[in-house]
Amino acid sequence: MGNRILIVDDAAFMRMMIKDILTKNGFEVVGEAPDGQQAVEKYKELTPDLVTMDITMPEMDGIAAMKEIKSQYPDAKVIMCSAMGQQAMVIDAIQAGAKDFIVKPFQADRVVEAITKALS
């Protein structure tokens, strides 16, 4: 099972929280990005097995970044993260190709479950 993960969130604290959950559960965090633009660049550079992507970020939002990544890497696995569990955003994210959606504040077991399911 692949487990190289790229974490994308504009809040360093959120990246740290996700990284902590993932490393404690045996996943390898291969990179981090603070915005969608850098996420696209990091994806090309690292080709991770999965990306956790915040939706609301400066420069390029998570949905735009995911679409950009998926246009070049159709098999890319992306799980969207957002503090705003708004139905419309969840639907947009899933329609754009997200494997799953996790809501902040993160619950460790939900994060692990979403990632394990997406990678299998």
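Which elements cover the buried residues of α1? In this predicted model, the cover includes the strands β1 (4-8), β2 (28-33), β3 (50-54) and β4 (78-82), together with the helix α5 (108-119).

Helix α1 itself spans residues 12-24. Its 13 residues reach 18 Å from the first C-alpha to the last, close to the 18 Å expected at 1.5 Å a residue. The buried residues of this helix are M14, R15, I18, I21 and L22. They lie on the same side of α1, because they cover an arc of only 130 degrees around the axis. An α-helix has 3.6 residues a turn, so residues three or four places apart point the same way. On the other side of α1, by contrast, F13, M16 and K24 are exposed. Just after the helix, G26 adopts a positive phi of about 85 degrees.

Among the buried residues of α1 is the arginine R15. Its relative accessible area is 14%, which is under the 20% limit, so R15 counts as buried. When neighbours within four places in sequence are left aside, R15 is in contact with I7, D9, D10, E32, A33 and P34.

The nonpolar interior was examined next. In soluble globular proteins, nonpolar side chains tend to be buried together. The largest nonpolar core of the model has 25 residues, of which V8, V51, M53 and M80 touch the most other members. Two or more residues are given to this core by each of β1, β2, α2, β3, α3, β4 and α4 (87-95). Another core, of 19 residues, lies apart from it and includes L50, F106, I115 and L119. The contacts of V8, not counting residues up to four places away in sequence, are with A33, D35, A39, V51, T52, M53, D54 and M57.

Aromatic rings were considered last. A pair of aromatic rings is described by the distance of the centres and the angle of the planes. The count comes to 1 aromatic pair. This pair is formed by Y43 and Y73, whose ring centres are 5.0 Å apart; the planes stand at 55 degrees, so the pair is tilted. Y43 belongs to helix α2 (residues 36-46), whereas Y73 lies in the loop between α3 (62-72) and β4, so the pair ties together parts that are 30 residues apart in sequence. With a relative accessible area of 5%, Y43 is buried, while Y73, at 26% relative accessibility, is partly exposed.

Conventions. Residues are numbered from 1 along each chain as its sequence is written. This is a predicted model: local features need pLDDT of at least 70, side-chain atom pairs count only at pLDDT 80 or more; totals for chains, interfaces and linings use all residues. Side-chain values use heavy atoms; hydrogens and water are left out. Helices (H or I, at least four residues) and strands (E, at least two) are DSSP runs, numbered from the N terminus. The expected span of a helix is 1.5 Å times one less than its number of residues. Buried means under 20% relative accessible area, exposed over 50%, partly exposed in between (1.4 Å probe, protein chains only). The arc is that of the directions from the helix axis to the C-beta atoms. Contact means heavy atoms within 4.5 Å. Rings of Phe, Tyr and Trp (its six-membered ring) pair if their centres lie within 6.5 Å; planes under 30 degrees apart count as stacked, over 60 as edge-to-face and the rest as tilted. A nonpolar core is a set of buried Ala, Val, Leu, Ile, Met, Phe, Trp, Tyr and Cys residues joined through side-chain atoms within 4.5 Å.
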